[in-house]
Amino acid sequence: MGQIGWNVEGQWFNNFVYEKIGKDPTIITAMLICSAAATTIAMFVFGTLSDRTGKRRTLINVGYIIWGILTIAYGFTEFLGKELYSAACICGVLGDMLVSFFGSMGADSGFGAWTTDIMTENTRGQIGGIIAVVCVLGTIAGSVLGSLLVGKDNNYMRLFTVIGSILILFGIISTFLFSKKDDVEPSVRGSFGKQFFSIFHFKKLLSSKELLLVYIATAIYFTGFDTYFTY
């Protein structure tokens, strides 16, 4: 569901803006820049927070519920109409930022960290493979389901309501599926600020040449992917 949620944010929000607000690629560009910044900040902030508390499950529960609510709310920007074009553009960009921020809280800092926690030397290939397949299936499902829900009448509100509601539902269900056994030992290293900024120890990164190459390759790949996927 997280992958379908990202598909709606990454693919259908852009189509929605073109259809309902204005065919102006600069709006899409602003959305892309701001949502990328929001996602990155959320991962750093909530990633540090979840390390310090050890409670990934709380981020998943709360993050998915808020993510779903904001996905539904995003559809209401179309009712601003052409008369309030500037306001609609601003709401489109800010709404996308908020969806990305809380989506990252639930999916990246919560679920992504949790899957890493449960991996062992014997299972990480299997779990990694499952996650990779789910990413592809989520993209396909989001594209097909999105086109069916939008339909010939361009009813984006229907799409956002259905997907948003399912995200909320999964957030609620996850509160019962996760328990204290899913928590990890809290890792508190000084103040929150000190632990947060420890992310930016570039000397340590530069000393890990293999890891650095993986990061560079990943950055190049996703720069291309996010450009083609969005535009």
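Modeller: A helix here is a DSSP run of H or I with at least four residues, a strand is a run of E with at least two, and both are numbered from the N terminus. The model is predicted: local features need pLDDT of at least 70 and side-chain atom pairs pLDDT 80 or more, while totals for chains, interfaces and linings use all residues. Residues are numbered from 1 along each chain as its sequence is written, and side-chain values use heavy atoms, leaving out hydrogens and water.

The protein chain contains 9 helices and 0 strands, giving the pattern α-α-α-α-α-α-α-α-α along the sequence. Its C-alpha trace spans about 50 × 40 × 35 Å along the principal axes. Of its 231 residues, 36% count as buried, meaning under 20% relative accessible area with a 1.4 Å probe, protein chains only; over 50% is exposed, and values in between are partly exposed. Among contacts (heavy atoms within 4.5 Å) between residues at least 6 apart in sequence, 81% join residues at least 24 apart.

Helix 2 contributes M31, F46, G47, S50 and D51 to the contact, and helix 3 contributes R56, L59 and Y74. By class, the contact has 4 nonpolar, 2 polar and 2 charged residues; Ala, Val, Leu, Ile, Met, Phe, Trp, Tyr, Cys and Pro count as nonpolar, Asp, Glu, Lys and Arg as charged, and the others, including Gly, as polar.

T39 also belongs to helix 2. T39 counts as buried because its relative accessibility is 16%. Apart from neighbours within four places in sequence, T39 is in contact with S100, S104 and D108.

A further view comes from L32. L32 and D226 are separated by 194 residues in sequence, yet their C-alpha atoms are 8.8 Å apart in space. D226 is situated in helix 9, residues 209–230. With a relative accessible area of 36%, D226 is partly exposed, whereas T39 is buried.
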